[in-house]
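Subject: Structure for you to look at

Hello,

Here is the structure I promised to pass on. Please open it and keep it in view while you read my notes below.

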Amino acid sequence: MRSKFSKKVQDILSADSKTVFITGDLGYNALEAIQATAKERFINAGVAEQNMVGVAAGLAYKDFETFVYSIAPFAVYRCLEQIKIDVCIHNLPVYIVGNGGGYGYGIMGATHHAIEDIGCLSTLPNITCWVPAFSEDVDYCLDQIITQKKPAYLRLGLGKSYQVKFDIAAINHIVKADIPEITIIALGPVVHNAIEAIGENNNIDLFTILSVPIIEMNEKLLKSISQARKVIVIEEHVERGGLGEHILSLLAKRNIHLLKFLSLHAKGYPSKLYGSQAFHQKESGLDAENIKKEISQLLLS
Amino acid sequence: MNYQQKQYEYRKKLLAMYYNANAGHIGCSLSCIDILIALFELKSGDERVILSKGHAAAALYTMLNETGEISDETLSTFYKNGTKLSAHPSANFFTNIPFALGSLGHGLPIGCGIAYANKLTNNKENIFILMSDGETNEGTTWEAAHFAVAKKLDNLIVVIDKNKLQGFGYTKDVLGDTAEIGKWKSIGFDAIEEDGHDVEKLIKSINHLKSNKNRLPKLIIANTIKGKGVDYMENKLEWHYLPMDIEMYNRALISIENNYNA
């Protein structure tokens, strides 16, 4: 996703002289082209994440839309107060970009993981969190972000491409059931594990949701849920403040009753051991094998 | 009004605000009101003064009342339910309060962003940041300070209200003197010290610094007295917090009368 992101941001910076890009001293082998394009509108703010968000707010006050880039945990937690006060309360066009959301940085360890980012940010005023699932979603999210011109967070990960041309929206129907018995909703690239788990099953609907909070509920998704009444939400994020809770709250408000709801989410470090992103997904039951098992059980229940 | 008259009238106004609101932070406002008089004298209409030490909001509200941006009626709502004038400045109401501030260490990074934006657009405006000396404890202050030097922001003018007292003690006893001029010079600021209660000297010094187009960010360490002008409040930690009763308020009025209007 990072190369898609880099290419698209390069285009944005070329087209609009009132856009600035700030990095917190990261982006080797990824941001060089942006730097070359943006020249003095590319700022390496050093290893000083809180300051760079304040700087972005100052730039935005002077009518510059500003991207602020780091790896997800540093971009979110280190400068949460700056995001809340300097950016969100003033509703400024500052776009926080966190690379490697979830367990994306795998073996780098807990300091480099961001499994509570959506929970932290989605409670703040005016901000929308964007989580691409497929690599082509990055362009869609960026188009939404620069159109809305308000605080945004973009969580990047390792997404695969769509296999067929796809008309991307904020909610996407990825796998279509003949008659749905389960509705699966995935946040981010963990959707690829769900696709693998579904395999040849023709009774499972799979959707991705690219924005939290959900901007507009999709009728196809509501119809699927109403038919299946069994929902699995899959996210590389802790349960608290994640997409699952968000969905449940929306369904409750619409008086939609479920037979079963299953949240598959990041569980932190259950074995207290570390490994690749796939290792941590497995530890949390987010791997294709476990999703498949959960689907089988849910179909029988 | 000459500067001494302003020093008297503005103090009278802010003491009345604090008395009517039964509110604290009086010492913090009295230590920086003279700096604000100087900065508002210096700044052009489009330039901004960012009160990073947001706990002195009453001093800023007083200034904006004098400039006509905050009406008497609005000023009288200070601290009351439904007010636009919270104890620390709120966002999105007044042109000259562009940011909500009150959590320390936010003003300088924002100022760096504004200064950088002005450089990008070849805008000759300066940005003024008024900080407290306690605020120089904050890590973001030093992140931003190094940023300002590295990016050669000579349109950034920082004033530190150095009253030598912070939330729970003398700055020298808490983390040491983090607002010491040598520290700022050593990282590359064009820095001077000045009497923070001499408006004329402050204006002269800031004007002098402004004229140095030497690609260095500017700093004035304004040596001040917490509670300045009200004798019994001066250099007393408790006047960071305490409100005045009627007897204290009357004594405060007599004190500023003697000091500025005799």
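α8(A) gives three residues to the lining of the largest pocket, the most of any element. Keep in mind that this is a predicted model.

Start with that pocket. The volume of the largest pocket is about 360 Å³. Two elements of chain A give two or more residues to its lining: β7 (171-175) and α8 (191-198). Which residues line the largest pocket? Among them are Phe134(A), Lys160(A), Tyr162(A), Phe166(A), Ile174(A), Val175(A), His192(A), Ile195(A) and Glu196(A). By class, the lining of the largest pocket has seven nonpolar, three polar and two charged residues.

Now the second largest pocket. The space in the second largest pocket comes to about 250 Å³. Its lining has 20 residues, and the closest to the centre are Leu158(A), Pro189(A), Val190(A), Gln277(A) and Gln281(A). Here α8 and α11 (277-283) of chain A are the elements that give two or more residues. The lining of the second largest pocket counts eight nonpolar, eight polar and four charged residues. Where does the second largest pocket lie? Domain 1 (2-155) and domain 2 (171-300) of chain A both give residues to its lining, so the pocket lies between them.

Next, a strand in chain A. Strand β1 (residues 19-23) of chain A is mostly covered, with five of its five residues buried. Thr19(A), Phe21(A) and Thr23(A) point one way from β1(A), while Val20(A) and Ile22(A) point the other way. Why this pattern? In a regular strand, side chains alternate between the two faces of the sheet.

Look for Val20(A), which stands opposite Thr66(A) in β3(A). Three bridges join β1(A) to strand β2 (residues 42-44) of chain A, again in parallel. There, Ile22(A) has Ile43(A) of β2(A) as its bridge partner.

Now turn to chain B. It has an open sheet of five strands with parallel pairing, in the order β1-β2-β3-β7-β6. Which strands of chain B stand at the edges? They are β1 (48-51) and β6 (190-195). Each has a single partner strand, so one side of each is left without a neighbour in the sheet. From one strand to the next, the twist averages 20°.

β1(B) pairs with strand β2 (residues 127-132) of chain B over four bridges, in the parallel sense. Within that pair, Val49(B) is opposite Phe128(B) in β2(B).

How many cavities of 30 Å³ or more does the structure hold? There is one. The largest cavity has about 50 Å³ of space. β1(B) provides the largest share of its lining, three residues. Val49(B), Ile50(B) and Leu51(B) are in the lining, and so are others including Leu60(B), Pro89(B), Asn96(B) and Phe99(B). By class, that lining has nine nonpolar residues, one polar and no charged.

Gln227(A) sits in helix α9 (residues 219-228) of chain A. Gln227(A) and Glu181(A) are 46 residues apart in sequence, but 7.3 Å apart in space, C-alpha to C-alpha.

Best wishes

Methods: Residues numbered from 1 in each chain as written. Chains lettered and ligands numbered in written order. Predicted model: local features only at pLDDT ≥ 70, side-chain atom pairs only at ≥ 80, totals over all residues. Heavy atoms only, no water. 1 Å grid on protein atoms, 1.4 Å probe; cavity = no way out; pocket = protein on both sides within 12 Å on 5 of 7 lines; lining within 4 Å. Points joined across faces, edges and corners; volume = space filled by probe spheres on them. Nonpolar A, V, L, I, M, F, W, Y, C, P; charged D, E, K, R; others polar. Domains from an automatic or database assignment. Pairing = 2+ DSSP bridges. Axes fitted to C-alpha atoms, helices over the stretch in contact; angles between N-to-C directions. Buried < 20%, exposed > 50% of the residue type's maximum accessible area, 1.4 Å probe, protein only.
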